[in-house]
Amino acid sequence: MHGEPLDALENVIRLLKPLRDGIVTDADFTLSPADEFSPLQSLSVWAENRTPLAQALVFMGKPETYSLYAVLNVGDIRTLSIEKEPPQMVLDVVWGKLENDNRAGAEGHAGITGLLRPTGIPKLLYKELRRKIADLARNNLHSLP
Amino acid sequence: MYTVTVEEASLQFAEVLRHTRTGEEVVLTENSLPIAKLVPLSPQSEISAKDAKRDDIAYALGIAVARGDISPDTALLAREAWKEIERSLSFLLPPIVSTVENAQVMFSWDKNEHHLVIEVFPNRSVELFYSNRNVHSPWEYDYEVGSLIPTEVINNIQVLWEK
């Protein structure tokens, strides 16, 4: 299961910690140095039907710093492309097994892959891709209770 | 690295702001420095809209430092970069400030289809990115903290933004 793609009908949750404005930005879909060094080189997300929101917050640590979450459809993420013609799938969402973690909900961890720019590809194309996924998130944004 | 809770940071920041706005004396301890260093300490009798904008930026950066998202050095660098952005792009409304953990600070603006992002990286590089949601013609301009944003770049943004 680890590294395998999620079903296109699945929804995933991306937990967000805006500084003050309650707005999702491109930063929320930018790989941190830790993300880049992670095995999947991906952004952490949680399958909505496998990991309850409260449990996802516990897994992420410092739960008090998160105030928003976006719900993204896996199929929608896969439609985002860096070129319009012909559109090529760049982003994917794959299962990301948490090592040595048997807590309930751990099986719902997944990662959005494809955000790391390959050498030789203009960086503005990846910034455009990042803008598109942030826009997608903006359409389904919720405050944490 | 010294860290404080968000609540502590907010309190410290409020104290420093009170000082900048009223000139009242504020006792800053060594523990206050990561936050206090982010805001100007010259007394001011009145606070202008521009000062308020700067305070918002500093406040957001202070929270990011307090949460451990970015280092105080990166926050200070972002504030330094902001001075030039504020000078050259003064026609823009205040940006949204966000951060990438242990990496860059991002200033972003959206107006209808227009999207502008300026990222300040810990190595002093700055990347400006413009994108139009209706037309696929993104462009970018890279420079370093301390450099001026060229007039041509400023004019390009102004024309697009004020359409």
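Me: Hi! Where does B:Asn102 sit in chain B?
Reply: B:Asn102 is in the loop between β1 and β2 of chain B. Strands here are DSSP runs of E with at least two residues, helices are runs of H or I with at least four, and both are numbered from the N terminus. This is a predicted model, in which local features need pLDDT of at least 70 and side-chain atom pairs count only at pLDDT 80 or more, while totals for chains, interfaces and linings use all residues. Residues are numbered from 1 along each chain as its sequence is written, and chains are lettered from A and ligands numbered from 1 in the order in which they are written.

Me: Okay, and what is phi of B:Asn102?
Reply: Phi is near 55 degrees, a positive value in a residue other than glycine. B:Asn102 belongs to the hairpin of β1(B) and β2(B), which has five residues between the strands.

Me: Is B:Asn102 buried or exposed, or in between?
Reply: B:Asn102 is partly exposed, because 14 other C-beta atoms lie within 10 Å. The scale calls a residue buried at 20 or more other C-beta atoms within 10 Å of its own, exposed at 12 or fewer, and partly exposed in between, with C-beta atoms placed from the backbone.

Me: How many bridges join β1(B) to β2(B)?
Reply: Four, and the two strands run antiparallel. One of the partners is B:Met106 in β2(B), which bridges to B:Ser98. For strands to count as paired, DSSP has to find at least two bridges between them.

Me: What about β2(B) and β3(B)?  How many bridges there?
Reply: Seven, again in the antiparallel sense. B:Lys111 has B:His114 in β3(B) as its bridge partner. This hairpin has two residues between the strands, and B:Asn112 takes a positive phi near 50 degrees in it.

Me: And why is β2(B) described as largely enclosed?
Reply: Five of its seven residues are buried, so β2(B) is largely enclosed by the rest of the structure.

Me: Zooming out, what is the strand order of the sheet?
Reply: It is an open sheet of five strands in the order β1-β2-β3-β4-β5 (chain B), with antiparallel pairing. The edge strands, β1 and β5 of chain B, each pair on one side only. On average, neighbouring strands are turned by 20 degrees against each other, direction ignored.

Me: Which helix of chain A packs on the sheet?
Reply: That is α4 (residues 123–138) of chain A, which touches β3, β4 and β5 of chain B. Its direction makes about 60 degrees with that of β4(B). Touching, or being in contact, means that the C-beta atoms of two residues, placed from the backbone, lie within 7 Å. The angles run from 0 to 180 degrees between N-to-C directions, with axes fitted to C-alpha atoms, for helices over the stretch in contact.

Me: Which strands does α4 of chain B lie across?
Reply: Helix α4 (residues 72–88) of chain B lies across β2, β3 and β4 of chain B, running at about 130 degrees to β3(B).

Me: Now the core. Which residues touch the most other members of the largest one?
Reply: Those are B:Ala60, B:Leu61, B:Ala64, B:Ala78, B:Val97 and B:Val105, in a core of 32 residues. Such a core is a set of buried Ala, Val, Leu, Ile, Met, Phe, Trp, Tyr and Cys residues joined through C-beta atoms within 7 Å. The largest share, nine residues, comes from α3(B).

Me: What does B:Ala78 touch?
Reply: Leaving out residues up to four places away in sequence, B:Ala78 touches B:Leu61, B:Val105 and B:Val120.

Me: Last topic, the interface. How many residues of chain B are in contact with chain A?
Reply: There are 23 residues of chain B in contact with 18 residues of chain A. On the chain B side, they divide into 13 nonpolar, seven polar and three charged.

Terms used: Ala, Val, Leu, Ile, Met, Phe, Trp, Tyr, Cys and Pro count as nonpolar, Asp, Glu, Lys and Arg as charged, and the others, Gly among them, as polar.
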